[in-house]
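Take a look at the model below. The text goes from the parts of one chain to the meeting of two.

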Protein chains: 2
Amino acid sequence: MARTTPQTHGEILAAAARRFGVTGYRGTSLQDIAGEVGCSKATVLYHFANKEAILTELMAPAIEVLRSLDERIAAEPEPASAQRVAAEGFVDLAVRFRAEIALLRGEFPALMQQPGFAHIQQLSERLLDALAARSTRASARIAAFVLLAGVAETCGEFADVPDEELRDALLALLRRALEPAD
Amino acid sequence: MARTTPQTHGEILAAAARRFGVTGYRGTSLQDIAGEVGCSKATVLYHFANKEAILTELMAPAIEVLRSLDERIAAEPEPASAQRVAAEGFVDLAVRFRAEIALLRGEFPALMQQPGFAHIQQLSERLLDALAARSTRASARIAAFVLLAGVAETCGEFADVPDEELRDALLALLRRALEPAD
DNA sequence: TCAGGTGCTGACCGATCGGTCAGATTAGTG
DNA sequence: CACTAATCTGACCGATCGGTCAGCACCTGA
């Protein structure tokens, strides 16, 4: 029905984002997405090579920002300054892409083990290292992990809180919660 | 093979815990569990009504402790003392049952929407409220959410850190990270 | 007018899921 | 021995999954 024109690609992407946000990646079937768009499942797979390709395209901008943050962190010589850059950069990223992060809905660990997402695992580990001020103390790494996982899990909730207020709250939390460099 | 005797029930439970811990609840099939035990899938379903029943029995002790913590929190008249009881109780619970919590592997949100786990959602919300020192300020609730989700996500990792060290690190983090009562 | 490309679809595929069921095997009891 | 009840299993079920494919309708340009 209705001449859809080639904007279908974008419609599928938007519909997938909506569905992933509600039922998660694994919990959303291609049929679900097709139903939301109003096309057939075959049409979805005409525009995207497979299901993972939809998620990849959806997450691409956020991943690119994460990658550039990783570079900025690596360029910092001092643990203390790297920690600051990591905290500010991560909170900024989490707030800016909170919709995208939310749609992972806790499936982050499972997705990381999948090929094509393996390099993100490395980025996360380096981010963790920077947040722990490159310390090997267990307490420092534990605190960094709690905050990393917690912020990622949180930013999707509180959809009613404006970006700036959310960013300020998260940044204030990280500042008082992270252990300072040795 | 091998006369298994009625200890099979416990073996299935242990195997399920191991598998859930690796691939998560949804990512583990009854066939996987049966394979780990060395019995047939039908045997698993002879000992348990269905897949959810395995998870329920596995989580029962942790849920019972959470329920009793909820009562202790509710009995505290002051927000400040309720916050302290909530923080200490939650960290203690997270560390004691870290294996059980780990096997949820971020599927917590999805599981909560399932009947039979709905009441845990309420317990979590009341715990969040106490950690936020019953404040309605967005920053307080955001901090409480980050720490709640973060600790839950964290305690499964760091399996090599002893209970006491993990508990001390988490408690110290919560003490400096939570906003004090108004 | 017609050939060819684009967008799209219904029908279908093999795999896997949770779950059922009739029946085989075993252990205990009289 | 016979009988019963508990334990266990292979075969099977319907549903759903991601993905494939031949072909239909439409548009465009030669």
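Into which domains is chain A divided? Chain A has domain 1 (5-48) and domain 2 (59-177), with bounds that come from an automatic or database domain assignment. This is a predicted model, where local features need pLDDT of at least 70, side-chain atom pairs count only at pLDDT 80 or more, and totals for chains, interfaces and linings use all residues. Residues are numbered from 1 along each chain as its sequence is written, chains are lettered from A and ligands numbered from 1 in the order in which they are written, and side-chain values use heavy atoms, with hydrogens and water left out.

Start inside chain A. The C-alpha centres of domain 1 and domain 2 of chain A are 28 Å apart. Their contact (heavy atoms within 4.5 Å) takes eight residues from domain 1 and five residues from domain 2. About 540 Å² is buried between these two domains of chain A, 54% of it on carbon and sulfur atoms. Buried area is the accessible area (1.4 Å probe) that two parts lose on being put together, summed over both. On the side of domain 1 of chain A, Gly21(A), Tyr25(A) and Arg26(A) supply 64% of the area buried against domain 2, more than any other three residues. Between the two domains of chain A there are zero salt bridges; a salt bridge needs a side-chain nitrogen of Lys or Arg within 4 Å of a carboxyl oxygen of Asp or Glu.

Now bring in chain B. A rotation of 180° with 0.1 Å of shift along its axis superposes chain B on chain A, with RMSD 0.1 Å. That is the relation of a two-fold axis. Of the residues of chain B, Gly150(B) comes closest to the axis, its C-alpha at 1.9 Å.

How do the copies meet? They meet through the same surface, because 100% of the interface residues of chain B are also interface residues in chain A. Each chain gives 32 residues to the contact. The area buried between chain B and chain A is about 2500 Å², and carbon and sulfur atoms give 70% of it. In chain B, Ile142(B), Val146(B) and Arg176(B) lose the most area to chain A, together 23% of what that side buries.

Two salt bridges link chain B and chain A. One pairs Arg176(A) with Glu179(B), the closest N and O atoms being 3.9 Å apart.

Notes
Least-squares fit on C-alpha atoms with pLDDT ≥ 70 in both.
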